[in-house]
Each structure stands twice: as structure tokens, then as C-alpha cells.
Amino acid sequence: MRERDRSKQEIFVQSNLFLFFYSLGREMSETEHEDCCQHFQMYIKEFGIKSFQLIHGFFASPVTDEARISKAISCYCFTCGSSDLNLLACLQCINFSCKGDHSLSHYSESGHQIAIVLSYGIVYCFQCQRYMSNQDLQSIAETHLHKEALSLNLSQIPWRPWNGKFWNPTMEEVSLLLDSRKRRHVTSTTTVGLRGLLNLGSTCFMNCIVQALIHTPILRDYFLSDRHACSSTKLAQKCLVCEVSRLFQEFYSGSHAPLSLHRLLHLIWNHARHLAGYEQQDAHEFFMATLDTLHKHSQISAKQEEERLKDKEKEKESSKDKDKDSSGKKQKNLSKHKESSTSNPKSSTSDTKSSNQCTCIIDQIFTGCLQSDVVCQSCRGVSTTIDPFWDISLDLGVLKTTSTPSLLDCLERFTRPEHLGSSAKIKCSSCKTYEESTKQFSIRTLPIVASFHLKRFEHSTSLQVDKKISTYISFPAQLDMTPFMSKNHENGDYRYSLYAVINHVGSLEAGHYTAYVRHHKDVWVKCDDHILSIASLKQVLDSEGYLLFYHKKVLEYE
């Protein structure tokens with residue numbers, strides 16, 4: 001979000017983070033043109049830059065899948081076992097330690113003075129107590145950042161204190177920061193992140209979906225860390241991802257005035273024409289259209305950024321070739337080899353993955369895989385297909401249960417073997433004839449966010465009548481999906497926590513959508529367009545339920 005558009009409240013809320021980045025960037029800027037300290041110079045003379053290159057490429061900016069796995073497994077403090085963000089790695093013995101007492105303890109015991117701050121990839125001298133700036137190391141770090149961005153399909157290169165892109169406050173902003181020294185801390189009563197949404201004319205369906213997306217933990221972390229940016233202003237004006245990013249900034253600005261979603265609505269209309277118009281729409285249909293548009297726009301911006309990065313790499317290689325002595329074919333072949341390796345930064349282990357696999361933030365969070373097994377009743381041969389899904393739609397027909405029907409009952413029926421019968425015979429690849437068979441769904445891969453659509457709206461083709469099923473379906477606050485996983489995929493942590501529920505109240509002709517969202521771990525809020533009110537977990541679990549959103553338990557925040 002542009003600085004000029006920031007309100008005083010936004011600056012007040014985010015000042016802690018800004019001041020930290022500004023001071024760190026200023027410190028790096030001040031030392032950029034100074035000579036490195038004698039300890040760092042002695043280290044370079046004795047050990048060279050190989051250890052920096054290795055540690056940075058694996059633990060600061062992992063450039064391959066193998067490096068990311070190594071970081072996930074090995075990157076923790078050797079003293080306390082914490083995987084804190086502020087880890088330092090000793091460049092002489094690759095000891096990982098937390099910033100503070102543990103890293104100082106390692107320095108005092110070993111005498112190793114030079115370390116790398118993994119979160120920013122910068123070098124620190126314990127003896128001088130300051131950060132180092134070196135052109136060779138910065139060049140290595142920039143190369144790794146470009147490769148990391150390409151391998152992850154990031155729309156922009158991650159921020160670093162030494163790349164000159166730190167926030168430089170205006171005099172007005174400095175004055176505001178000095179006048180407002182009190183900083184806002186997140187507590188159980190904090191209302192930052194809560195805002196009502198104006199109803200633009202039967203747009204309650206859209207308001208509920210936006211509230212659910214805004215309160216999706218990992219999606220919130222993605223957008224509030226500025227991970228998305230379009231390469232041009234023209235593209236950004238038509239990009240739904242940019243608009244959602246702006247909405248996250250608005251929600252967490254500290255303002256409590258209701259927001260209007262007219263820009264988001266028109267962007268969806270341009271993509272899903274059947275949803276255009278100010279009449280009531282189905283919230284589930286709008287949710288699918290929103291994910292589809294976000295997915296496509298993420299791909300467009302990622303592709304443009306990838307092309308820009310590739311062009312930049314080619315320019316770098318070509319400038320290097322011009323500067324070097326044209327020592328013949330060997331140098332030319334080396335340049336070609338480098339060019340091909342940067343255009344396909346993934347390791348050989350990832351080549352087995354589908355080339356069509358998308359790594360945009362939407363697919364990373366919402367995409368799972370559904371397995372369908374068709375068993376021939378004659379030869380018992382099994383034909384298996386795997387299909388991606390963004391959500392699971394569950395029928396609410398007659399459920400055979402002695403108690404109140406539940407979400408687990410619906411899932412059990414969804415994954416139950418179904419006899420297809422003589423009227424739906426399938427040609428068996430082994431028998432070479434059409435045979436009766438059974439079909440069974442199971443979940444091969446679960447997404448980070450599991451969303452369930454309870455099919456409350458039915459259309460009868462014979463009677464030409466639409467009706468709503470208002471049967472109460474109980475759903476838990478904590479969900480274990482292990483019983484519904486495919487064979488050989490049951491081992492894992494498949495526990496989920498409820499964080500949003502969308503309800504439809506009233507009839508098909510005169511209905512209204514509301515949402516419950518979890519603001520903090522034990523704080524629920526009811527969202528009824530521009531009206532927000534505190535709700536209890538009992539109210540949430542007693543609600544009718546139309547769309548249910550669960551995130552992986554491992555993401556649970558204390």
C-alpha cells in the first residue's frame with residue numbers, strides 16, 4: 001500500500017515493525033560504504049566465502065527443494081531446540097543459536113566471531129557488535145534470492161536490509177511516530193483485524209466469504225508480509241490478488257469503519273459473468289469463483305515476474321561475458337550451462353512432479369487430492385484416479401443415524417463404497433468387457449485449509465422446484481480426518497480446528513447469509529454485514545452451517 005494512502009491509524013498500528021526495519025536498514029546503509037572490520041577481513045582471508053555461500057543457499061535463502069528440506073529438519077537452536085525466526089549460524093562451525101544469550105554463549109565459549117543472521121542473510125561480528133557489508137557476499141545473496149523466488153514462483157523478491165528497499169518515513173510520519181510512542185500490542189481484547197462490510201444490495205454472500213478469507217491464518221500471514229506484487233500498475237488495477245492484499249491492509253489498519261467491497265465485486269464479475277448483478281447469489285458458488293480468479297491472477301503475475309527475473313539473469317550473464325576475456329568455447333559453454341540451470345531451479349527430485357502443478361498461494365492453502373477407486377466385481381481389479389479439489393461438497397439426504405446427524409456422518413457416507421449396478425457398467429481394462437463395479441472415494445492429500453460445503457439447496461428436475469434442507473448437522477470444533485484418508489496415507493497429523501462458519505438463514509426466496517469467524521484462539525465474532533458482535537463457541541456449533549472452514553491443528557496459535 002502506498003505511503004500517501006496510509007492513515008494515521010495505520011502508521012500508529014504498524015510503527016513497531018516499521019521502526020525495527022528502518023533502524024536495521026539504516027544501520028546496514030551506514031556501514032555499506034565502510035570497510036569491513038578486521039575480524040571479518042581475517043575470517044575471509046583464512047576461510048574464504050565458501051561457507052557463507054553454502055549456509056546462505058541452504059538456510060537463509062534455500063534455492064532447491066533439497067535445501068528447504070534441510071532447513072526444515074536442521075534449522076533449530078542447538079542450545080534450546082527452538083526454531084525461532086532470529087537464528088544465527090556460526091560461519092566457522094555451523095552452530096545454530098537463538099539471537100541473544102545462546103548465540104553470545106557460543107561466541108564466548110568458541111571464540112568464533114562471525115555469524116550469519118538467517119532471517120536476512122546478513123553477516124554479524126560479535127566482537128564489534130555490528131553488521132558487515134561485503135560486495136561479494138551481497139552478490140551471492142542476491143543470486144540466491146533470485147533463484148529462491150523462481151523456485152517458489154514468488155511474485156517479488158523477499159525484502160532484505162541491504163537491498164535499499166527499506167521504508168524511509170516522511171517528516172510527517174516521523175512526527176507521528178514521535179508523538180505516539182505508545183505501541184499497540186495484540187491481546188485477547190484487541191479488535192485490530194475486525195471490520196464490518198457494507199451490503200451493496202443483496203451482497204451478504206460476498207461479505208461472508210471475504211470475512212472467512214480474511215480470518216484464514218496462513219492467508220493473512222502471506223498478505224500481511226507483502227508477498228504479492230504485480231510487475232506493473234496497469235496489471236495491478238485488474239488483479240484480484242492485489243485487491244485482496246489491499247483489503248488485508250484495510251482490515252489491519254486499526255480503523256473500525258465498515259468497508260465497501262465494490263472493487264472486489266466488479267473484478268469477480270469480470271471473471272464470472274454469471275454472478276454479475278446486484279441480486280442474491282450462492283455463497284458457495286461465489287467462494288469457488290473467488291478462488292478460481294485468485295488462482296488465475298496469481299499465475300499471471302507470477303509468470304510476468306518470472307520472465308522479468310529471467311531477463312535480469314540473462315543481462316547479468318551477458319554483462320559478465322563482456323567483462324571477461326573471451327577465452328573461447330569453454331567460457332561460452334559455461335554461460336549456457338548457467339542460463340539453463342537458472343531457468344529450471346528445481347532439483348532433480350522435483351522433476352517427477354507434474355509440470356502443471358501450481359504453487360500459487362491459493363493452491364498451497366486450499367488444494368487437496370481426492371482418490372477414486374473403481375473395483376471390478378468380476379476380477380477385483382482396481383482402477384484409481386486422483387483429482388484435485390478446493391472443497392468437499394456433502395449430500396444431506398437421509399442419513400442413517402439414531403442420533404443427530406453430524407459432519408462425520410456425512411464424511412462417512414461420502415467415503416463409503418457405492419455399488420454402481422447393472423445400469424452403470426464400466427469397461428474393465430483386465431476383463432476387456434463391461435462389468436459391474438463399486439466406486440469409493442477417499443482423501444489422498446489434505447489441504448492446509450479443509451472447507452466443507454453442506455448441500456442445503458436442492459433442485460428437483462422432475463418437479464422443477466428448488467428447496468432448502470434445514471436439517472441440523474452437528475460439526476465439531478476439532479476434527480480428525482484420519483478415518484477418511486486413502487490406504488497407505490493414514491499416517492500423519494490430520495487434526496483440524498474450526499475457524500469460520502457461514503450460515504444461510506431464511507428461505508430460498510428471502511434468505512440472508514451471516515458468518516462466524518474466530519478472531520483469536522477462544523474469541524469468536526458474528527459478522528452480519530456491517531454489524532459485528534461477540535459470539536460464544538456454543539452459538540457457533542449450534543448454528544445451521546452451510547460452509548465450514550477448518551485449518552490444520554499445527555497452525556493453532558496460542
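Two strands pair if DSSP finds at least two bridges between them, and strands here are DSSP runs (E, at least two residues), while helices are runs of H or I with at least four residues, all numbered from the N terminus. The model on your screen is predicted: local features need pLDDT of at least 70, side-chain atom pairs count only at pLDDT 80 or more, and totals for chains, interfaces and linings use all residues. Residues are numbered from 1 along each chain as its sequence is written, and side-chain values use heavy atoms, leaving out hydrogens and water.

**Stop one: the strands.** Click C90 and look across to its bridge partner in β3, A115. Now bring in β4 (residues 122-125), which pairs with β3 in the antiparallel sense over four bridges. Here I116 has V123 of β4 as its bridge partner. Follow the chain through the hairpin of β3 and β4: four residues lie between the strands, and G121 in the turn has a positive phi of about 70 degrees.

**Stop two: the faces of β3.** In a regular strand the side chains alternate between the two faces of the sheet. Which residues of β3 (residues 114-117) are on each side? I114 and I116 are on one side, A115 and V117 on the other, and all are buried (under 20% relative accessible area; exposed is over 50%, partly exposed in between, with a 1.4 Å probe and protein chains only).

**Stop three: two helices.** Select α8 (residues 204-214) and α11 (residues 240-251), whose axes are 11 Å apart at an angle of about 75 degrees.

Methods: Axes fitted to C-alpha atoms, helices over the stretch in contact; angles between N-to-C directions.
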